[in-house]
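Grab a pencil and open the viewer.

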Amino acid sequence: NNNTLYITYHVFLNTPNFFSVRFTSSSFFYHAAHPNSSTVSLNIERAHAKIISLSELFKPNTNYLNLISKICREKILAKLSPTIPMQDFNSPAMLQ
């Protein structure tokens, strides 16, 4: 009957104008097959106590999600390419 919840945080930026923090949680519930984990990041503009969304960090009508996705894929491939064939990682299912 051991249920657990762990939450950690890391402050990335703490200036008079902005505050950025990442929370990571891990939980395990009795009889569960495996633990659950999640990560949430918050970027806050202090002057208005406003949470800044990812889209607000980019110019309007830019394709920032595809750019971020491309960079992430390249970084993952650089680490995993010896063990995962390139064609598997670039399959349509992986690119969505």
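The exercises below start with the whole chain and then go to single residues. Keep in mind that this is a predicted model.

**Exercise 1. The overall layout**

Work out how many helices and strands the protein chain has, and in which pattern they follow each other.

Solution. Start with the count: there are 2 helices and 4 strands. Now read along the sequence, and you get β-β-β-β-α-α. Next, the surface: its accessible area comes to about 8100 Å², and carbon and sulfur atoms hold 60% of that. Of the 96 residues in the chain, 8% are buried. Finally, look at contacts with a separation of 6 or more: 22% of them link residues 24 or more positions apart.

**Exercise 2. The surroundings of Ser25**

Find the strand that holds Ser25, then list what Ser25 touches beyond its sequence neighbours.

Solution. Ser25 belongs to strand S2, which covers residues 18-28. Leave out residues up to four places away in sequence, and Ser25 touches Leu5, Tyr6, Ile7, Asn36, Ser37 and Ser38. One of these, Ser38, has a side chain that makes a polar contact with the side chain of Ser25, at 2.8 Å.

**Exercise 3. A nonpolar patch**

Which residues make the nonpolar surface patch, and which strand gives the most to it?

Solution. Leu5, Ile7, Tyr9, Val11, Phe23 and Val40 make the patch, which is about 600 Å². Strand S1, residues 4-14, gives the most, with 4 residues. Take Tyr9 as a test case: Tyr9 is found in strand S1 and has 59% relative accessibility, so Tyr9 counts as exposed. The cut-off used in that step is over 50%.

**Exercise 4. Salt bridges**

How many salt bridges does a search of the whole structure find? Work through the partners and their accessibility.

Solution. The search finds 2 salt bridges.

- In one of them, the side chains of Lys50 and Glu56 meet at 2.5 Å, N to O. Lys50 has 33% relative accessibility, so Lys50 is partly exposed. Glu56, at 44%, also counts as partly exposed.
- Another salt bridge joins Glu74 to Lys70, with the closest N and O atoms 3.2 Å apart. Check the sequence positions: both residues lie in helix H1 (residues 64-80), and they are 4 residues apart, about one turn of the helix. Glu74 is partly exposed at 43%, and Lys70 is partly exposed at 45%.

Conventions: Residues are numbered from 1 along each chain as its sequence is written. This is a predicted model: local features need pLDDT of at least 70, side-chain atom pairs count only at pLDDT 80 or more; totals for chains, interfaces and linings use all residues. Side-chain values use heavy atoms; hydrogens and water are left out. A polar contact is a pair of N or O atoms within 3.5 Å; within protein, one must be able to donate a hydrogen and the other to accept it, and residues adjacent in sequence count only if both atoms are side-chain atoms. Contact means heavy atoms within 4.5 Å. Patches are made of residues with over 30% relative accessible area and no salt bridge: like charges are joined within 9 Å, nonpolar side chains (Val, Leu, Ile, Met, Phe, Trp, Tyr) within 5 Å. Accessible areas come from the Shrake-Rupley method with a 1.4 Å probe; for residues, only the protein chains shown count as cover. A salt bridge is a side-chain nitrogen of Lys or Arg within 4 Å of a carboxyl oxygen of Asp or Glu. Buried means under 20% relative accessible area, exposed over 50%, partly exposed in between (1.4 Å probe, protein chains only).
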